[in-house]
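The following note sets out points for a colleague who is reading the model alongside its sequence. Each point takes up one feature.

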Amino acid sequence: MTVASRRDPLPRRPQPQSPAGGVSTAAAERTGASILILFVVASVVLGDRAQLNVATGGRGVLPILQILAPLVALGTAARYGSRSSLGFVALPVFLLGVVPYIAMTAVLPVAGVVFNGYPERTLLSVGEATTAVSFLVVGAALSRVPAASWSPWIVAAILIQLIYATAQALFLAGGPGSELFAPFHAWDLSYAGAADFVQQRSSGLYLNPNELGVWAGGALIMALTLLRSVRRTVAVAGALATLLLSQSRGSTIAVVAALFVMAAIALRRGGINRSGLATVALLAAGAFVALGAVVAVGPPGLLEDRFGGLVDVFVEGPRAEANLAGRLDYWSAVGVLNSLYPWGTGGSPELLLGTAVDSTWFRVFAQGAAPYVAALVLLLFVAVSMPGFTYRRPLVLLTVLLAVAGLTQTPFNYPIGYLFWVLLGAGLEATYLARAARLEAGGRARSSRYYPGRRRDRTQPASSDGRPFTSSR
(Lines give C-alpha, C1' and ligand atoms only; values in the text may rest on other atoms or scores of the structure.)
Protein backbone atom coordinates (compact mmCIF):
# COMPACT_ATOMS: atom_id res chain seq x y z
CA MET A 1 0.00 0.00 0.00
CA THR A 2 1.33 3.42 -0.93
CA VAL A 3 1.50 5.94 1.85
CA ALA A 4 0.66 9.51 0.74
CA SER A 5 3.20 12.22 1.48
CA ARG A 6 2.35 14.60 4.29
CA ARG A 7 3.07 17.49 1.94
CA ASP A 8 0.60 16.27 -0.66
CA PRO A 9 -2.36 18.73 -0.62
CA LEU A 10 -4.54 16.54 -2.82
CA PRO A 11 -6.87 13.91 -1.37
CA ARG A 12 -5.93 10.42 -2.46
CA ARG A 13 -8.71 8.03 -3.38
CA PRO A 14 -8.17 4.50 -2.10
CA GLN A 15 -7.74 1.84 -4.75
CA PRO A 16 -10.61 -0.58 -5.39
CA GLN A 17 -10.35 -3.76 -3.41
CA SER A 18 -10.08 -7.15 -4.95
CA PRO A 19 -13.19 -9.27 -5.38
CA ALA A 20 -12.19 -11.22 -2.27
CA GLY A 21 -12.28 -7.98 -0.31
CA GLY A 22 -15.98 -7.40 -0.94
CA VAL A 23 -17.57 -4.41 -2.61
CA SER A 24 -15.04 -2.19 -4.38
CA THR A 25 -14.36 1.33 -3.26
CA ALA A 26 -15.52 2.66 -6.66
CA ALA A 27 -18.92 1.03 -6.22
CA ALA A 28 -19.18 2.39 -2.67
CA GLU A 29 -18.37 5.89 -3.93
CA ARG A 30 -21.03 5.65 -6.63
CA THR A 31 -23.56 4.57 -4.03
CA GLY A 32 -22.57 7.40 -1.70
CA ALA A 33 -22.83 9.94 -4.51
CA SER A 34 -26.27 8.63 -5.50
CA ILE A 35 -27.48 8.98 -1.91
CA LEU A 36 -26.27 12.57 -1.73
CA ILE A 37 -27.84 13.45 -5.09
CA LEU A 38 -31.11 11.87 -4.00
CA PHE A 39 -30.98 13.90 -0.79
CA VAL A 40 -30.43 17.13 -2.75
CA VAL A 41 -33.22 16.45 -5.26
CA ALA A 42 -35.63 15.37 -2.52
CA SER A 43 -34.81 18.52 -0.53
CA VAL A 44 -35.51 20.73 -3.55
CA VAL A 45 -38.77 18.95 -4.41
CA LEU A 46 -40.17 18.32 -0.92
CA GLY A 47 -38.58 21.13 1.07
CA ASP A 48 -41.88 22.95 1.59
CA ARG A 49 -43.70 19.84 2.73
CA ALA A 50 -41.05 18.69 5.21
CA GLN A 51 -42.05 20.73 8.24
CA LEU A 52 -42.44 20.22 11.97
CA ASN A 53 -45.22 21.86 13.95
CA VAL A 54 -43.72 23.74 16.86
CA ALA A 55 -45.22 26.22 19.31
CA THR A 56 -43.10 29.27 18.47
CA GLY A 57 -45.89 31.84 18.52
CA GLY A 58 -45.45 32.59 14.82
CA ARG A 59 -46.43 30.33 11.93
CA GLY A 60 -45.70 27.38 14.19
CA VAL A 61 -43.53 25.43 11.76
CA LEU A 62 -39.87 24.46 11.60
CA PRO A 63 -38.38 23.22 8.32
CA ILE A 64 -36.98 19.74 8.89
CA LEU A 65 -34.03 20.53 6.64
CA GLN A 66 -32.75 23.07 9.17
CA ILE A 67 -32.12 20.05 11.41
CA LEU A 68 -31.40 17.36 8.81
CA ALA A 69 -29.08 19.28 6.47
CA PRO A 70 -26.34 19.92 9.10
CA LEU A 71 -26.45 16.25 10.10
CA VAL A 72 -26.04 15.19 6.47
CA ALA A 73 -23.17 17.66 6.09
CA LEU A 74 -21.39 16.22 9.12
CA GLY A 75 -21.84 12.71 7.76
CA THR A 76 -20.54 13.84 4.38
CA ALA A 77 -17.42 15.37 5.92
CA ALA A 78 -16.81 12.19 7.92
CA ARG A 79 -17.33 9.97 4.88
CA TYR A 80 -15.29 11.91 2.31
CA GLY A 81 -12.75 13.60 4.57
CA SER A 82 -12.13 17.26 5.16
CA ARG A 83 -10.05 17.74 2.02
CA SER A 84 -12.80 16.42 -0.25
CA SER A 85 -15.68 18.27 1.39
CA LEU A 86 -14.23 21.20 3.37
CA GLY A 87 -11.11 22.15 1.44
CA PHE A 88 -12.82 25.20 -0.07
CA VAL A 89 -13.17 26.95 3.31
CA ALA A 90 -9.57 28.20 3.06
CA LEU A 91 -10.04 29.73 -0.38
CA PRO A 92 -9.84 33.56 -0.47
CA VAL A 93 -12.79 33.63 -2.90
CA PHE A 94 -14.90 31.82 -0.29
CA LEU A 95 -13.76 33.94 2.64
CA LEU A 96 -14.19 37.24 0.80
CA GLY A 97 -17.02 36.47 -1.62
CA VAL A 98 -19.32 33.96 0.09
CA VAL A 99 -18.79 34.27 3.83
CA PRO A 100 -20.07 37.90 4.06
CA TYR A 101 -23.54 36.93 2.82
CA ILE A 102 -23.75 33.79 4.98
CA ALA A 103 -22.42 35.63 8.03
CA MET A 104 -24.95 38.45 7.66
CA THR A 105 -27.74 35.91 7.15
CA ALA A 106 -26.78 34.42 10.53
CA VAL A 107 -26.09 37.66 12.41
CA LEU A 108 -29.00 39.83 11.28
CA PRO A 109 -31.76 37.83 13.06
CA VAL A 110 -29.75 38.08 16.29
CA ALA A 111 -29.43 41.83 15.80
CA GLY A 112 -33.16 42.05 15.17
CA VAL A 113 -33.89 40.41 18.52
CA VAL A 114 -31.30 42.40 20.48
CA PHE A 115 -31.75 45.87 18.98
CA ASN A 116 -35.16 45.99 17.28
CA GLY A 117 -37.35 44.05 19.66
CA TYR A 118 -38.09 41.06 17.45
CA PRO A 119 -39.52 37.99 19.24
CA GLU A 120 -37.09 35.23 20.21
CA ARG A 121 -38.51 32.88 17.55
CA THR A 122 -36.72 35.11 15.02
CA LEU A 123 -33.52 33.32 16.02
CA LEU A 124 -34.79 30.28 14.10
CA SER A 125 -33.91 32.22 10.94
CA VAL A 126 -30.25 31.54 11.73
CA GLY A 127 -31.00 28.09 10.34
CA GLU A 128 -31.01 29.61 6.84
CA ALA A 129 -27.26 30.18 7.18
CA THR A 130 -26.49 26.73 8.59
CA THR A 131 -28.57 25.13 5.84
CA ALA A 132 -26.66 27.05 3.16
CA VAL A 133 -23.31 25.94 4.60
CA SER A 134 -24.56 22.36 4.81
CA PHE A 135 -25.46 22.25 1.14
CA LEU A 136 -22.11 23.83 0.27
CA VAL A 137 -20.42 20.87 1.96
CA VAL A 138 -22.64 18.38 0.13
CA GLY A 139 -21.90 20.12 -3.17
CA ALA A 140 -18.17 20.02 -2.49
CA ALA A 141 -18.34 16.24 -2.02
CA LEU A 142 -20.19 15.98 -5.36
CA SER A 143 -17.72 18.19 -7.27
CA ARG A 144 -16.09 15.25 -9.08
CA VAL A 145 -19.24 13.19 -9.60
CA PRO A 146 -20.06 12.76 -13.33
CA ALA A 147 -23.03 14.75 -14.60
CA ALA A 148 -24.70 11.52 -15.73
CA SER A 149 -25.19 10.57 -12.08
CA TRP A 150 -27.87 13.26 -11.79
CA SER A 151 -29.83 12.10 -14.82
CA PRO A 152 -32.39 9.63 -13.40
CA TRP A 153 -33.15 11.76 -10.34
CA ILE A 154 -33.69 14.95 -12.34
CA VAL A 155 -36.04 13.23 -14.78
CA ALA A 156 -37.99 11.60 -11.93
CA ALA A 157 -38.34 14.91 -10.07
CA ILE A 158 -39.55 16.73 -13.21
CA LEU A 159 -42.17 14.07 -13.92
CA ILE A 160 -43.39 13.98 -10.31
CA GLN A 161 -43.86 17.75 -10.21
CA LEU A 162 -45.51 17.75 -13.65
CA ILE A 163 -47.98 14.99 -12.73
CA TYR A 164 -48.91 16.65 -9.44
CA ALA A 165 -49.28 20.10 -11.01
CA THR A 166 -51.42 18.64 -13.83
CA ALA A 167 -53.66 16.92 -11.31
CA GLN A 168 -54.07 20.22 -9.47
CA ALA A 169 -55.03 21.98 -12.70
CA LEU A 170 -57.59 19.30 -13.55
CA PHE A 171 -59.05 19.49 -10.05
CA LEU A 172 -59.38 23.26 -10.17
CA ALA A 173 -60.99 23.02 -13.62
CA GLY A 174 -63.35 20.28 -12.49
CA GLY A 175 -62.09 17.94 -15.19
CA PRO A 176 -62.95 14.26 -15.50
CA GLY A 177 -61.61 12.18 -12.64
CA SER A 178 -60.73 15.29 -10.65
CA GLU A 179 -62.53 13.92 -7.59
CA LEU A 180 -59.70 11.41 -7.22
CA PHE A 181 -57.41 14.31 -6.33
CA ALA A 182 -59.63 15.45 -3.43
CA PRO A 183 -57.49 13.80 -0.69
CA PHE A 184 -54.35 15.38 -2.10
CA HIS A 185 -56.10 18.75 -2.29
CA ALA A 186 -56.95 18.38 1.39
CA TRP A 187 -53.26 17.68 2.01
CA ASP A 188 -52.41 20.88 0.14
CA LEU A 189 -54.84 22.90 2.22
CA SER A 190 -53.37 21.53 5.44
CA TYR A 191 -50.33 23.75 4.78
CA ALA A 192 -52.40 26.90 4.24
CA GLY A 193 -51.64 28.12 7.76
CA ALA A 194 -47.89 27.68 7.28
CA ALA A 195 -47.59 30.03 4.32
CA ASP A 196 -49.60 32.05 1.81
CA PHE A 197 -50.94 29.05 -0.04
CA VAL A 198 -52.42 29.95 -3.44
CA GLN A 199 -55.20 27.65 -4.61
CA GLN A 200 -56.14 29.29 -7.89
CA ARG A 201 -53.10 27.98 -9.80
CA SER A 202 -51.00 24.85 -9.83
CA SER A 203 -48.29 24.94 -7.18
CA GLY A 204 -47.02 21.36 -7.49
CA LEU A 205 -45.47 20.09 -4.29
CA TYR A 206 -44.77 23.65 -3.20
CA LEU A 207 -46.99 26.12 -1.38
CA ASN A 208 -46.98 28.83 -4.00
CA PRO A 209 -47.20 28.75 -7.84
CA ASN A 210 -44.21 31.08 -8.13
CA GLU A 211 -42.06 28.48 -6.39
CA LEU A 212 -43.23 25.93 -8.95
CA GLY A 213 -42.33 28.33 -11.75
CA VAL A 214 -38.79 28.88 -10.46
CA TRP A 215 -38.42 25.12 -9.95
CA ALA A 216 -39.47 24.56 -13.57
CA GLY A 217 -36.85 27.07 -14.72
CA GLY A 218 -34.13 25.39 -12.65
CA ALA A 219 -35.21 21.96 -13.87
CA LEU A 220 -35.07 23.19 -17.48
CA ILE A 221 -31.52 24.42 -16.93
CA MET A 222 -30.42 21.12 -15.41
CA ALA A 223 -32.05 19.21 -18.28
CA LEU A 224 -30.39 21.31 -20.98
CA THR A 225 -26.92 21.21 -19.42
CA LEU A 226 -26.65 17.79 -17.79
CA LEU A 227 -28.99 15.39 -19.61
CA ARG A 228 -28.62 13.67 -22.95
CA SER A 229 -30.71 11.80 -25.53
CA VAL A 230 -34.31 10.81 -24.78
CA ARG A 231 -34.11 11.81 -21.12
CA ARG A 232 -33.17 15.32 -22.15
CA THR A 233 -36.12 15.60 -24.52
CA VAL A 234 -38.63 14.32 -21.97
CA ALA A 235 -37.22 16.51 -19.21
CA VAL A 236 -37.25 19.69 -21.33
CA ALA A 237 -40.87 19.17 -22.40
CA GLY A 238 -41.90 18.33 -18.83
CA ALA A 239 -40.16 21.38 -17.35
CA LEU A 240 -41.73 23.74 -19.91
CA ALA A 241 -45.19 22.28 -19.29
CA THR A 242 -44.70 22.73 -15.54
CA LEU A 243 -43.66 26.35 -16.10
CA LEU A 244 -46.85 27.03 -18.06
CA LEU A 245 -49.00 25.30 -15.46
CA SER A 246 -47.55 27.54 -12.75
CA GLN A 247 -48.57 30.63 -14.79
CA SER A 248 -45.67 32.44 -13.13
CA ARG A 249 -44.81 35.43 -15.29
CA GLY A 250 -41.76 36.45 -13.29
CA SER A 251 -40.34 32.94 -13.60
CA THR A 252 -41.04 32.91 -17.35
CA ILE A 253 -39.14 36.16 -17.83
CA ALA A 254 -36.28 34.78 -15.73
CA VAL A 255 -36.15 31.62 -17.88
CA VAL A 256 -35.98 33.74 -21.04
CA ALA A 257 -33.13 35.75 -19.53
CA ALA A 258 -31.24 32.55 -18.64
CA LEU A 259 -31.72 31.20 -22.18
CA PHE A 260 -30.36 34.46 -23.62
CA VAL A 261 -27.28 34.09 -21.42
CA MET A 262 -26.93 30.50 -22.57
CA ALA A 263 -27.03 31.65 -26.21
CA ALA A 264 -24.51 34.42 -25.48
CA ILE A 265 -22.12 31.89 -23.95
CA ALA A 266 -22.47 29.69 -27.04
CA LEU A 267 -21.77 32.65 -29.36
CA ARG A 268 -18.73 33.62 -27.33
CA ARG A 269 -17.35 30.11 -27.72
CA GLY A 270 -17.48 30.29 -31.49
CA GLY A 271 -21.06 30.57 -32.61
CA ILE A 272 -24.10 28.35 -32.81
CA ASN A 273 -22.99 24.90 -33.97
CA ARG A 274 -25.03 21.81 -34.72
CA SER A 275 -25.47 21.11 -31.02
CA GLY A 276 -26.76 24.63 -30.45
CA LEU A 277 -29.24 24.34 -33.28
CA ALA A 278 -30.42 21.02 -31.87
CA THR A 279 -30.99 22.73 -28.50
CA VAL A 280 -33.03 25.50 -30.13
CA ALA A 281 -35.10 22.93 -32.00
CA LEU A 282 -35.61 20.96 -28.80
CA LEU A 283 -36.79 24.04 -26.94
CA ALA A 284 -39.19 24.98 -29.73
CA ALA A 285 -40.63 21.47 -29.97
CA GLY A 286 -40.84 21.16 -26.19
CA ALA A 287 -42.62 24.50 -25.89
CA PHE A 288 -45.12 23.50 -28.59
CA VAL A 289 -45.89 20.16 -26.91
CA ALA A 290 -46.09 21.76 -23.46
CA LEU A 291 -48.42 24.50 -24.69
CA GLY A 292 -50.76 21.99 -26.29
CA ALA A 293 -50.82 19.82 -23.17
CA VAL A 294 -51.49 22.73 -20.83
CA VAL A 295 -54.30 24.13 -23.00
CA ALA A 296 -55.86 20.65 -23.10
CA VAL A 297 -55.96 20.13 -19.32
CA GLY A 298 -56.44 23.67 -18.09
CA PRO A 299 -59.59 25.76 -17.84
CA PRO A 300 -60.49 28.21 -20.63
CA GLY A 301 -58.35 31.33 -20.62
CA LEU A 302 -55.72 29.71 -18.40
CA LEU A 303 -52.80 31.40 -20.14
CA GLU A 304 -54.49 34.39 -21.78
CA ASP A 305 -55.65 35.90 -18.50
CA ARG A 306 -52.23 35.67 -16.86
CA PHE A 307 -49.78 36.37 -19.65
CA GLY A 308 -52.04 38.91 -21.32
CA GLY A 309 -51.32 41.15 -18.35
CA LEU A 310 -47.69 41.39 -19.47
CA VAL A 311 -48.84 43.06 -22.69
CA ASP A 312 -50.82 45.58 -20.67
CA VAL A 313 -47.73 46.38 -18.60
CA PHE A 314 -45.63 47.09 -21.69
CA VAL A 315 -48.40 49.15 -23.32
CA GLU A 316 -49.93 51.03 -20.40
CA GLY A 317 -47.24 50.90 -17.71
CA PRO A 318 -46.64 48.88 -14.52
CA ARG A 319 -49.85 50.06 -12.83
CA ALA A 320 -51.95 48.43 -15.56
CA GLU A 321 -51.55 45.00 -13.94
CA ALA A 322 -53.00 44.53 -10.46
CA ASN A 323 -50.33 42.17 -9.09
CA LEU A 324 -47.45 44.34 -10.26
CA ALA A 325 -49.16 47.45 -8.93
CA GLY A 326 -49.44 45.75 -5.56
CA ARG A 327 -45.75 44.90 -5.62
CA LEU A 328 -44.90 48.53 -6.33
CA ASP A 329 -46.80 49.47 -3.19
CA TYR A 330 -44.87 46.83 -1.20
CA TRP A 331 -41.58 48.20 -2.44
CA SER A 332 -42.58 51.76 -1.61
CA ALA A 333 -43.31 50.56 1.91
CA VAL A 334 -39.77 49.14 2.07
CA GLY A 335 -38.44 52.65 1.42
CA VAL A 336 -40.47 54.00 4.33
CA LEU A 337 -39.30 51.12 6.53
CA ASN A 338 -35.67 51.87 5.68
CA SER A 339 -36.10 55.45 6.85
CA LEU A 340 -37.10 54.05 10.24
CA TYR A 341 -34.41 51.34 10.28
CA PRO A 342 -31.47 52.74 8.28
CA TRP A 343 -29.28 49.73 9.17
CA GLY A 344 -32.02 47.26 8.38
CA THR A 345 -34.67 45.52 10.41
CA GLY A 346 -32.43 42.56 11.25
CA GLY A 347 -35.39 40.21 11.46
CA SER A 348 -37.99 39.50 8.82
CA PRO A 349 -39.22 42.80 7.32
CA GLU A 350 -42.56 41.12 6.53
CA LEU A 351 -43.31 41.02 10.26
CA LEU A 352 -43.17 44.82 10.48
CA LEU A 353 -44.83 45.48 7.13
CA GLY A 354 -47.63 43.01 7.72
CA THR A 355 -47.35 41.87 4.11
CA ALA A 356 -45.01 40.10 1.73
CA VAL A 357 -42.19 42.02 0.06
CA ASP A 358 -42.20 39.86 -3.10
CA SER A 359 -38.67 40.75 -4.14
CA THR A 360 -35.36 39.29 -3.04
CA TRP A 361 -33.60 42.58 -3.68
CA PHE A 362 -36.02 44.77 -1.73
CA ARG A 363 -36.28 42.20 1.05
CA VAL A 364 -32.50 42.03 1.46
CA PHE A 365 -32.33 45.83 1.46
CA ALA A 366 -35.04 46.06 4.11
CA GLN A 367 -33.41 43.45 6.35
CA GLY A 368 -29.75 44.49 6.14
CA ALA A 369 -29.63 47.74 4.15
CA ALA A 370 -26.89 48.39 1.60
CA PRO A 371 -24.25 46.07 3.17
CA TYR A 372 -26.55 43.05 2.83
CA VAL A 373 -27.34 43.94 -0.79
CA ALA A 374 -23.61 44.31 -1.50
CA ALA A 375 -22.96 40.91 0.06
CA LEU A 376 -25.63 39.34 -2.17
CA VAL A 377 -24.20 40.98 -5.29
CA LEU A 378 -20.73 39.72 -4.35
CA LEU A 379 -22.10 36.21 -3.82
CA LEU A 380 -23.76 36.17 -7.25
CA PHE A 381 -20.59 37.51 -8.87
CA VAL A 382 -18.58 34.68 -7.32
CA ALA A 383 -21.12 32.15 -8.61
CA VAL A 384 -20.97 33.34 -12.23
CA SER A 385 -17.18 33.71 -12.22
CA MET A 386 -16.28 30.20 -11.09
CA PRO A 387 -13.60 28.72 -13.39
CA GLY A 388 -14.36 25.74 -15.57
CA PHE A 389 -15.70 22.66 -13.78
CA THR A 390 -18.33 20.00 -14.43
CA TYR A 391 -21.30 22.04 -13.26
CA ARG A 392 -20.21 25.50 -14.31
CA ARG A 393 -22.93 26.07 -16.93
CA PRO A 394 -25.86 25.06 -14.73
CA LEU A 395 -24.47 27.19 -11.90
CA VAL A 396 -24.15 30.29 -14.10
CA LEU A 397 -27.59 29.88 -15.65
CA LEU A 398 -29.26 29.09 -12.31
CA THR A 399 -27.66 32.20 -10.81
CA VAL A 400 -29.09 34.32 -13.64
CA LEU A 401 -32.50 32.69 -13.17
CA LEU A 402 -32.60 33.39 -9.43
CA ALA A 403 -31.28 36.94 -9.79
CA VAL A 404 -33.90 37.90 -12.41
CA ALA A 405 -36.76 36.05 -10.72
CA GLY A 406 -35.70 37.82 -7.53
CA LEU A 407 -36.97 41.10 -8.94
CA THR A 408 -40.58 40.09 -8.25
CA GLN A 409 -40.17 36.98 -6.05
CA THR A 410 -37.93 35.67 -3.27
CA PRO A 411 -36.38 32.57 -4.93
CA PHE A 412 -33.39 32.39 -2.58
CA ASN A 413 -35.91 31.50 0.13
CA TYR A 414 -37.46 28.78 -2.05
CA PRO A 415 -36.25 25.15 -1.97
CA ILE A 416 -34.62 25.68 -5.39
CA GLY A 417 -32.06 27.77 -3.48
CA TYR A 418 -30.63 24.55 -2.04
CA LEU A 419 -29.55 23.54 -5.55
CA PHE A 420 -27.76 26.88 -5.95
CA TRP A 421 -25.68 26.22 -2.83
CA VAL A 422 -24.88 22.67 -3.95
CA LEU A 423 -23.61 23.79 -7.35
CA LEU A 424 -21.66 26.65 -5.77
CA GLY A 425 -20.06 24.23 -3.31
CA ALA A 426 -19.02 22.01 -6.22
CA GLY A 427 -17.44 24.99 -7.96
CA LEU A 428 -15.57 26.11 -4.87
CA GLU A 429 -14.23 22.61 -4.21
CA ALA A 430 -13.16 22.24 -7.85
CA THR A 431 -11.30 25.54 -7.53
CA TYR A 432 -9.59 24.29 -4.39
CA LEU A 433 -8.54 21.03 -6.05
CA ALA A 434 -7.17 22.88 -9.10
CA ARG A 435 -5.25 25.24 -6.82
CA ALA A 436 -3.86 22.33 -4.81
CA ALA A 437 -2.77 20.59 -8.02
CA ARG A 438 -0.92 23.73 -9.17
CA LEU A 439 0.82 24.02 -5.82
CA GLU A 440 1.84 20.37 -5.99
CA ALA A 441 3.14 20.78 -9.53
CA GLY A 442 5.07 23.89 -8.50
CA GLY A 443 6.57 22.07 -5.53
CA ARG A 444 7.74 19.23 -7.75
CA ALA A 445 9.25 21.66 -10.22
CA ARG A 446 11.18 23.43 -7.47
CA SER A 447 12.30 20.10 -6.05
CA SER A 448 13.62 18.94 -9.41
CA ARG A 449 15.42 22.27 -9.88
CA TYR A 450 17.35 22.06 -6.61
CA TYR A 451 17.59 18.26 -6.41
CA PRO A 452 17.76 17.05 -9.99
CA GLY A 453 18.54 13.49 -8.95
CA ARG A 454 15.04 13.12 -7.48
CA ARG A 455 13.44 13.07 -10.93
CA ARG A 456 15.47 10.10 -12.12
CA ASP A 457 14.55 6.50 -11.96
CA ARG A 458 15.18 5.50 -8.36
CA THR A 459 15.73 1.89 -9.41
CA GLN A 460 19.08 2.92 -10.93
CA PRO A 461 21.94 4.22 -8.77
CA ALA A 462 23.39 7.59 -9.76
CA SER A 463 27.03 8.45 -10.20
CA SER A 464 28.72 11.34 -8.49
CA ASP A 465 27.94 13.69 -11.40
CA GLY A 466 24.19 12.96 -11.17
CA ARG A 467 24.01 10.65 -14.22
CA PRO A 468 22.72 7.09 -13.84
CA PHE A 469 25.21 4.25 -14.17
CA THR A 470 25.02 2.24 -17.36
CA SER A 471 26.34 -1.26 -17.85
CA SER A 472 28.39 -2.27 -20.87
CA ARG A 473 28.57 -5.69 -22.38
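**Notes on the model**

1. Asp358 is partly exposed, with a relative accessible area of 24%; this class lies between buried, under 20% relative accessible area, and exposed, over 50% (1.4 Å probe, protein chains only). The residue is found in the loop between H15 and H16. Phi of Asp358 is near 60 degrees, a positive value in a residue other than glycine. Most residues other than glycine have a negative phi.

2. The model is a predicted one, in which local features need pLDDT of at least 70 and side-chain atom pairs count only at pLDDT 80 or more, while totals for chains, interfaces and linings use all residues. Residues are numbered from 1 along each chain as its sequence is written, and side-chain values use heavy atoms, with hydrogens and water left out.

3. The chain has 18 helices and two strands; these are DSSP runs numbered from the N terminus, helices being H or I with at least four residues and strands E with at least two. Of the 473 residues in the chain, 47% are buried. The chain exposes about 23600 Å², and carbon and sulfur atoms supply 64% of this area, computed by the Shrake-Rupley method with a 1.4 Å probe, where for residues only the protein chains shown count as cover. Among contacts (heavy atoms within 4.5 Å) between residues at least 6 apart in sequence, 71% join residues at least 24 apart.

4. Three salt bridges are found in a search of the whole structure, the criterion being a side-chain nitrogen of Lys or Arg within 4 Å of a carboxyl oxygen of Asp or Glu. Side chains of opposite charge can pair when their charged atoms come close. Asp358 takes part in one of the bridges, with Arg327, at 3.9 Å from N to O. This pair links distant parts of the chain, since Arg327 lies in helix H14 (residues 322-340) and Asp358 in the loop between H15 and H16, 31 residues apart. Arg327 counts as buried at 13% relative accessibility.

5. Glu350 and Arg363 meet through their side chains in a salt bridge of 2.8 Å, N to O. Because Glu350 lies in helix H15 and Arg363 in helix H16, the pair ties together parts that are 13 residues apart in sequence. Arg363 is buried, with a relative accessible area of 14%.

6. Which residue forms a salt bridge with Arg49? The partner is Asp188, and the closest N and O atoms are 2.8 Å apart. Here too distant parts of the chain are linked: Asp188 is in helix H8 and Arg49 in the loop between helix H1 (25-46) and E1, 139 residues apart. Asp188 is buried at a relative accessible area of 1%, and Arg49 counts as buried at 7%. Arg49 also lies over the face of Trp187, at 4.4 Å from the ring centre; a charge sits over a ring if NZ of Lys or CZ of Arg is within 6 Å of the ring centre and within 35 degrees of the ring normal.

7. Trp187 belongs to one aromatic cluster together with Tyr164, Phe171, Phe181, Phe184 and Tyr191. Rings of Phe, Tyr and Trp (its six-membered ring) pair if their centres lie within 6.5 Å, with planes under 30 degrees apart counted as stacked, over 60 as edge-to-face and the rest as tilted. By this rule there are 16 aromatic pairs. Phe171 and Phe181 form a tilted pair, 5.9 Å centre to centre with 55 degrees between the planes. Phe171 lies in helix H7 (residues 151-173) and Phe181 in the loop between H7 and helix H8 (182-189), so the pair ties together parts 10 residues apart in sequence. Phe171 is partly exposed at 23% relative accessible area, whereas Phe181 is buried at 7%.

8. Ser359 lies in the loop between helix H15 (349-353) and helix H16 (360-384). At 1% relative accessibility, Ser359 counts as buried. Not counting residues up to four places away in sequence, Ser359 touches Trp331, Gly406, Leu407, Thr408, Gln409 and Thr410.

9. Ala369 lies in helix H16 and is another residue other than glycine with a positive phi, near 60 degrees. Ala369 counts as buried, at 4% relative accessibility.
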